[in-house]
Amino acid sequence: MTLSPTQLRKAVAHLEAGDWQAAHEIVQKDEESALFCWAHGIVHIMEGDLPNARYWYREAKCRFPDHPSVAAEIGALKAAAAGTKS
């Protein structure tokens with residue numbers, strides 16, 4: 001199922017608030033969009049499940065950072081989403 005940009009913004013807001021569980025509820029519904037897969041990877045970084053995070057980064061076709069920073073990843077995701085017109 002492909003979710004809307006509004007749903008991605010909601011997921012990002014949850015990530016920014018530190019509520020990875022609420023973000024996960026949203027992002028796990030879209031396994032097709034690279035942006036949602038990236039957000040899913042960030043969820044698992046926050047959760048501390050790095051092997052799962054790496055999987056979702058591969059699905060998103062994103063390089064997994066050597067030293068993951070949740071804030072930096074959220075910022076990069078938001079910038080990428082802002083450049084997308086879907």
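Author: The model is predicted, so local features need pLDDT of at least 70 and side-chain atom pairs pLDDT 80 or more, while totals for chains, interfaces and linings use all residues. Residues are numbered from 1 along each chain as its sequence is written, and side-chain values use heavy atoms, without hydrogens and water.

Reader: Which residues are in contact with Glu 73, leaving aside its neighbours within four places in sequence?

Author: Contact means heavy atoms within 4.5 Å. On that basis, the residues touching Glu 73 are Trp 38, Ile 42, Tyr 57 and Pro 65.

Reader: With which side chain does the side chain of Glu 73 make a polar contact?

Author: A polar contact is a pair of N or O atoms within 3.5 Å; within protein, one must be able to donate a hydrogen and the other to accept it, and residues adjacent in sequence count only if both atoms are side-chain atoms. At 3.1 Å, the partner of Glu 73 is the side chain of Trp 38.

Reader: Which residues of helix 5 are buried?

Author: Helix 5 covers residues 70–82 and includes Glu 73; helices are DSSP runs (H or I, at least four residues), numbered from the N terminus. Buried means under 20% relative accessible area and exposed over 50%, with partly exposed in between (1.4 Å probe, protein chains only). On the other side of helix 5, Ala 71, Ala 79 and Ala 82 are exposed. The buried ones are Glu 73, Ile 74 and Leu 77.

Reader: Against which helices do the buried residues of helix 5 pack?

Author: The buried residues of helix 5 pack against helix 1 (5–16), helix 3 (34–47) and helix 4. Helix 4 spans 50–60, and the loop between helix 4 and helix 5 holds Lys 61. The helices asked for are helix 1, helix 3 and helix 4.

Terms used. Helix = DSSP H or I, 4+ residues; strand = E, 2+ residues; numbered from the N terminus.
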